[in-house]
Amino acid sequence: MAEITASLVKELRERTGAGMMECKKALAENGGDIDAAAEALRKSGAAKADKKADRVTAEGRVGVASEGGKAVLVEINSETDFVANDVNFKHFVDTVAKAALVSGATDVEALKAAAFADGQTVEEARAAAIQKLGENMQIRRLVKIESTGTIGAYIHTNGKIGVLVELANGSDELASGLAMHVAAMNPPYNKAADVPADYIAKEKEIELAKMSEKDKSKPAEILEKIMAGKTAKIVNDVTLYGQNYVLDNDGRTVEAVVKAAGADVVSFTRLVVGEGIEKVQEDYLAEVAKAMQV
């Protein structure tokens, strides 16, 4: 049996991309034969990906790809922010986004079967990435827009937020600026007409409950004007058109800026990594100590 040295483990890790402990174990199980160990690691790649499949993936990145009148956002999750910031994970996310755009996939399952690179499907590439980076990864969401208008895309610098905005009769600059606005301000609705009536009714009920008895006792017509003002503010706060445009130095609303440009916001989509996923708080030091004992 060949001696399992640090340099041998390092060489196997560089050849396979597998984790240090996995390489050490493979060498031990194959008598220090690096070729046999490399083959064993390749064969076990899918199994290792399956074993990690039940781990919570609430971190990750949003990738974007666009060309012509098409654009896609793809959310891909990892277990930790450390892996989400790894250059290999970033490359994987970018390549999957491009595959989504080129393949025409409209949902995650179709995307998994799409061509990735080097003869692999996206799903096969995901399994290989799990083996290389040592964490569970999931392709969670795919959003696609096809438009005869203008599409603006924006990915926040940390990769945690991605936005697509579809404009009619608008410029690329305006579409991109609005995508940045949506990323920053997170409006739930586009225009006042999109706000559900029951939402407004509930908010009015809350505002009325917060009013003093003195204000409530005012004449009906005055009370109605007060409530109308409060309702207008509520609608402005939750709609893209009602918010002040973050890139406008004059404090104009998005609606004013868009109308001045002769444009119209048709739709927008905002993805935030991990939203709706319950995160598990891990004891990182305990995890490291446990790994070192293997």
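The legends below describe close-up views of a predicted model.

In this predicted model, local features need pLDDT of at least 70 and side-chain atom pairs count only at pLDDT 80 or more, whereas totals for chains, interfaces and linings use all residues. Residues are numbered from 1 along each chain as its sequence is written, and side-chain values use heavy atoms, with hydrogens and water left out.

View 1. Strand S1 (residues 59-67) and S2 pair in the antiparallel sense over nine bridges, where strands (E, at least two residues) and helices (H or I, at least four) are DSSP runs numbered from the N terminus, and where two strands pair if DSSP finds at least two bridges between them. Ser-66 stands opposite Ala-71 in S2. Two residues lie between the strands of this hairpin, in which Gly-68 takes a positive phi near 60 degrees.

View 2. Ala-97 is found in helix H6 and, at 0% relative accessibility, counts as buried; buried means under 20% relative accessible area, exposed over 50% and partly exposed in between, with a 1.4 Å probe and protein chains only. Leaving aside neighbours within four places in sequence, Ala-97 is in contact with Gly-63, Val-64, Ala-65, Val-72 and Val-74, contact being defined as heavy atoms within 4.5 Å.

View 3. A nonpolar core is a set of buried Ala, Val, Leu, Ile, Met, Phe, Trp, Tyr and Cys residues joined through side-chain atoms within 4.5 Å. Of the 26 residues in the largest such core, those that touch the most other members are Val-74, Ile-76, Val-96, Leu-111, Val-122, Ile-139 and Leu-142. At least two residues of this core come from each of strand S2 (70-78), helix H5 (81-84), H6, H7, H8 and strand S3 (137-146), and H6 gives the most, with eight residues. When its neighbours within four places in sequence are left aside, Leu-111 is in contact with Val-74, Val-96, Ala-99, Ala-100, Ala-105, Val-122, Ile-139 and Leu-142. Apart from this core lies another, of 20 residues, among them Ile-161, Leu-167, Val-182 and Val-265.

**View 4. The aromatic pair of Phe-92 and Phe-116.** A search of the whole structure finds two aromatic pairs, for which rings of Phe, Tyr and Trp (its six-membered ring) must have centres within 6.5 Å, with planes under 30 degrees apart counted as stacked, over 60 as edge-to-face and the rest as tilted. Phe-92 and Phe-116 form a tilted pair, 5.7 Å centre to centre and with 40 degrees between the planes. Phe-92 lies in helix H6 (residues 87-103) and Phe-116 in the loop between helix H7 (108-112) and helix H8 (122-133), so the pair ties together parts that are 24 residues apart in sequence. Both Phe-92 and Phe-116 are buried.

View 5. Helix H9 (residues 172-185) has 14 residues and reaches 20 Å from its first C-alpha to its last, close to the 20 Å expected at 1.5 Å a residue, the expected span being 1.5 Å times one less than the number of residues. Its buried residues are Leu-174, Ala-175, Gly-177, Leu-178, Ala-179, His-181, Val-182 and Ala-183, and what covers them includes strand S4 (150-155), strand S5 (161-168), helix H13 (254-260) and strand S6 (264-272). H9 is followed by Asn-186, whose phi is positive, near 50 degrees.

View 6. Glu-146, which is exposed at 52%, forms a salt bridge with Lys-144, the closest N and O atoms being 3.4 Å apart; Lys-144 is partly exposed, at 21%. Glu-75, Arg-140, Arg-141 and Glu-275 are linked in a network of salt bridges.

How values were computed
Salt bridge = Lys/Arg side-chain N within 4 Å of Asp/Glu carboxyl O.
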